[in-house]
Structure formats: C-alpha cells, structure tokens
Amino acid sequence: MIERGYYDGFGGAFLPEVLVATFDELEQTFRAAKADEGFWQEYVRVMSTYSCRPTPLTFAENLTRHFGGARIYIKREDLNHTGAHKANNVMGQGLLVKRMGKSRVIAETGAGQHGVATATMAARFGFKCTIYMGEVDVQRQRPNVFWMERLGAEVVPVTEGTRILKDAINEAFRDWVTNMDTTHYVLGTACGPHPFPEMVTYFQSLIGQEAREQVLAETGRLPHRIYACVGGGSNAMGIFNAFLKDEVELVGVEAGGKGVTTGQHAARLASEDGSVGVAQGYKTFFLQDEDGQMMETHSVAAGLDYVGVSPILASLKQSGRVRFEAATDTEVVEALQLTIQKEGLIPALESAHGFVQAFKEAPQMSAENAIIINQSGRGDKDIFTVADAFNDPKWQAFIKAKAEAYHA
Ligand SMILES: *Cc1c(COP(=O)(O)O)cnc(C)c1O
C-alpha cells in the first residue's frame, strides 16, 4: 500500500505488489508530461483537430425565458468525437501510452461509451485494444459492442460476479497484472487508485478552462452556479476544477433512480446509503451493505450506474465545497423532453441529471446570475431507452418489424 494520492483521507492506491512498479512508471510518465509545456500543447492540438475543441458555450435563450430567472448556459461536451467528454480522457491517456512506448490498451466499460471511446483512440494511434465488459452489459449494449468490434477491439464478456461494470474492472486489473510490459489500462473516470483520479481530472480540466474563458467573454463575470452530473465524477471534476478557488457554487447531480429512499439508485454522496470503504484499489464512498458487499445500483442513465465515486469529489463533499443532489429517472426524462423542445439540443440521459437540478433552481435566481450546465454527452445513443420511456407506439412497431424480418 502506497501512502500518496490522498484527498482528505480519500483515494490512495491499494495495489497488489506486482502492480506497484507499473503504477510508478505511469505516475512518473504523467509527472514528466505535466512538467513539459509542449505536452499540454500537443494534447490541445490533438483535441482541436480530432474532437471539435474548444466546444462551444451555448446560451439557452428559450429555457432562460421559460424559467424567468438565471441566464442558462450549456457547455457542449456532446460535440466531442464519439459524443461525450470521454474523448478528452482517452486521447490524453493515449498520448501517455505513446510516451511509455507501449503497444496495447485495455479498458473496462459498463454502458459501452468508454469502450467505444477507447477503441476509437486505439484505432487512431495504432494500439491493440481489449475491452472488458460484464456479460449482462454486453447483452444490453449491443450497438456499442458492434462499434467497438468494428473499430478493431476485442470485447471480452466478463462472466464473474454479477457480470456488470465492477466485475469488468476487476477483470481488466487481472489482465494488466499479466501484461504490464506492453499494456496500459485506460481507466474511464476520475476513480481508481492514484494517479488515475488526478490524471483523468487533469485531462478533463480542459472543459472548465474553456468554460471559464467563454463565460467571462460572454458575460464579463464568473457564473453563479455550475451543474454537472456525477457517475465516476470525471465530467464534473473537468468543469469544476477551474472554479474551485472562485466564489462559484458547484453542484454535482447523481442518479436518484426510482428515488433515494427506494434502494434503487446510484446516489453515493446525495443519499444516506453511501458509506466509506476501500474497494477496487481506492478509498471513497461506496454503495455497500454492512458487510462491505457492493449493492446493486439503478439508473435510467447507464453511465451513472457505478457503486463508487471519485475520491476527489468525496473530499469536496466533506469540505462542503461541492453540493450533491440526486435526480430521479422520471425528472430526468421530463427535463430531457423540455430541453429537446425548447432548444433543439438532445442531452444524454446522464447529462440530463444536471439539467433537472438547474431547472429547479434557475427560477429562484435573477438575470444577473449566469449558470452553466455541463452537457457531458449527446443523447442520440439513448434512443432505445428514451423511446421506451415515452412509450412511443410507432417506435415499438418499427422494432417489431425489424425483429420479424430477421425471423423470416
Ligand atoms: C460516462 C458518462 C458520464 C459519467 O461519467 P463521469 O466520469 O461521471 O463524467 C456522464 N455523461 C456521459 C454522457 C457519459 O458518457
């Protein structure tokens, strides 16, 4: 166990002895890259030529008029290549893999978005790629599995445990232990053992740097509040990081699922169900029972459905710097519908969690106050879930006809 990478007691790196040298190498490579000004410039250049950076800050004029309070701005991470902020993290880590001279990347994925992003990065940089995915998720997320395979990745269905994201993480670590010399593990969010929370936050912090400049140019002052959804915490840390020292209220919104008192949610910080523990190599709030067994989580947004949360966010909750709220599935679908109709934007179901809380609070603010919502990703990927939620009979007929065509 290494005593570093702690945030007010959260975080750390609880590693098997065999992985210690690999984590040291990763940390040294990251430190050297960080100290090299040319590295950040190269990263920004890659992101601006491959992934639509800087992403715009959009004034949501119609939503602002609708709520009649704060001026609502939306940071457009949905415009990244592969449709979400995940591109920032995978391309950044890809540059580090090149520096380490490794030739293969592995990753865990739950909803499949991080798997697609990693497979895309691997195709671009010419790395071999293996994606670990719980067998249950492989079945639920066929469109993403299809794209990962087209991109040249091997997708390995994990049959251990409950066959979901946490089991895929364990399996990815097992692969890493046997292939450390050639392989880098591209962890997908600001979680896991040190230095991942810091490193993922570093790459995602481009979001907040841009947003800060953009909102100052647009309104002449800092925003009053910023809202971001929280799965593992990478898009939230990405936008919050540039404002931590300012008088700007930061609000993280977790998956309230069917309600935070129903046991069917993924609110580790905004419910009473989370407790501090050590699992998967780091210390944070987990949804676990009294014996430390991980609980099952639920959310309409597959990308928010994780038992742990960034140790950096856990410390920011403890210090009171970030406020945490939860949005229920029903509220999320309503906020999504309103945003689509008022602005012609389709936020991902994950991102729509941030919109829910912003919509609750915007009417109580004045036009002097600007707020920013981080639209972490685009919602086209959610067509199956959203069409079900709206109970659209024409969509159901379409799916039925497709299925019947295969039987014929
Ligand atoms: C993966 C994902 C999330 C959740 O991940 P964080 O690390 O909490 O940002 C949120 N939004 C979208 C669109 C995602 O794909």
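View 1. Among the 18 residues around the ligand, the nearest are Lys86, Thr189, Gly231, Ser234 and Ser376; a residue is near a molecule or strand if one of its heavy atoms lies within 4 Å of it. This is a predicted model, in which local features need pLDDT of at least 70, side-chain atom pairs count only at pLDDT 80 or more, and totals for chains, interfaces and linings use all residues. Residues are numbered from 1 along each chain as its sequence is written, and side-chain values use heavy atoms, with hydrogens and water left out.

View 2. His85 places a polar side-chain atom 2.9 Å from an oxygen atom of the ligand. A polar backbone atom of Gly232 is 3.1 Å from an oxygen atom of the ligand. Ser376 has a side-chain N or O atom 2.7 Å from a nitrogen atom of the ligand. On its own the ligand has 380 Å² of accessible area, and the protein covers 96% of this. Accessible areas come from the Shrake-Rupley method with a 1.4 Å probe; for residues, only the protein chains shown count as cover.

**View 3. The two domains.** Domain 1 comprises 6-48 + 85-200, and domain 2 comprises 54-83 + 205-389. These bounds come from an automatic or database domain assignment. Their C-alpha centres lie 23 Å apart. Across the boundary, 35 residues of domain 1 are in contact with 35 residues of domain 2; contact means heavy atoms within 4.5 Å.

**View 4. The sheet of 4 strands.** This open sheet has the order E7-E6-E5-E8, and its pairing is parallel. E7 and strand E8 (183-185) are at the edges with a single partner strand each, so one side of each has no neighbour in the sheet. From one strand to the next, the twist averages 20 degrees. Strands (E, at least two residues) and helices (H or I, at least four) are DSSP runs, numbered from the N terminus. Two strands pair if DSSP finds at least two bridges between them. Strand E5 (residues 104-109) and E8 are joined in the parallel sense over 3 bridges. Ile106 is opposite Tyr185 in E8. Helix H5 (residues 113-125) lies across E5 and strand E6 (128-134), at about 165 degrees to E5. Axes are lines fitted to C-alpha atoms, for helices over the stretch in contact, and angles run from 0 to 180 degrees between N-to-C directions.

View 5. Val156 belongs to strand E7 (residues 154-158). Its C-alpha atom is 5.0 Å from that of Tyr132, which is 24 residues away along the chain. Neighbours within four places in sequence aside, Val156 is in contact with Thr130, Ile131, Tyr132 and Met133.

**View 6. The sheet of 6 strands.** The order of this open sheet is E3-E4-E14-E9-E10-E13, and the pairing is mixed. Strand E3 (57-59) and strand E13 (322-328) are the edge strands, each pairing on one side only. Direction ignored, neighbouring strands are turned by 25 degrees against each other on average. Strand E9 (residues 225-229) pairs with strand E10 (residues 249-257) in the parallel sense over 5 bridges. Here Tyr227 is opposite Val251 in E10. Helix H13 (residues 329-343) packs on the sheet, touching E10 and E13, and its direction makes about 90 degrees with that of E13.

View 7. The bond from Arg53 to Pro54 is cis, with omega near -5 degrees. Pro54 sits in the loop between helix H2 (37-50) and E3. His194 and Pro195 are also joined by a cis peptide bond, with omega about 10 degrees. Pro195 is in the loop between E8 and helix H9 (196-204). Arg163, a residue other than glycine, has a positive phi near 60 degrees. The loop between E7 and helix H8 (165-178) holds Arg163.

Key. Polar contact = N/O pair within 3.5 Å; in protein donor to acceptor, adjacent residues only side chain to side chain.
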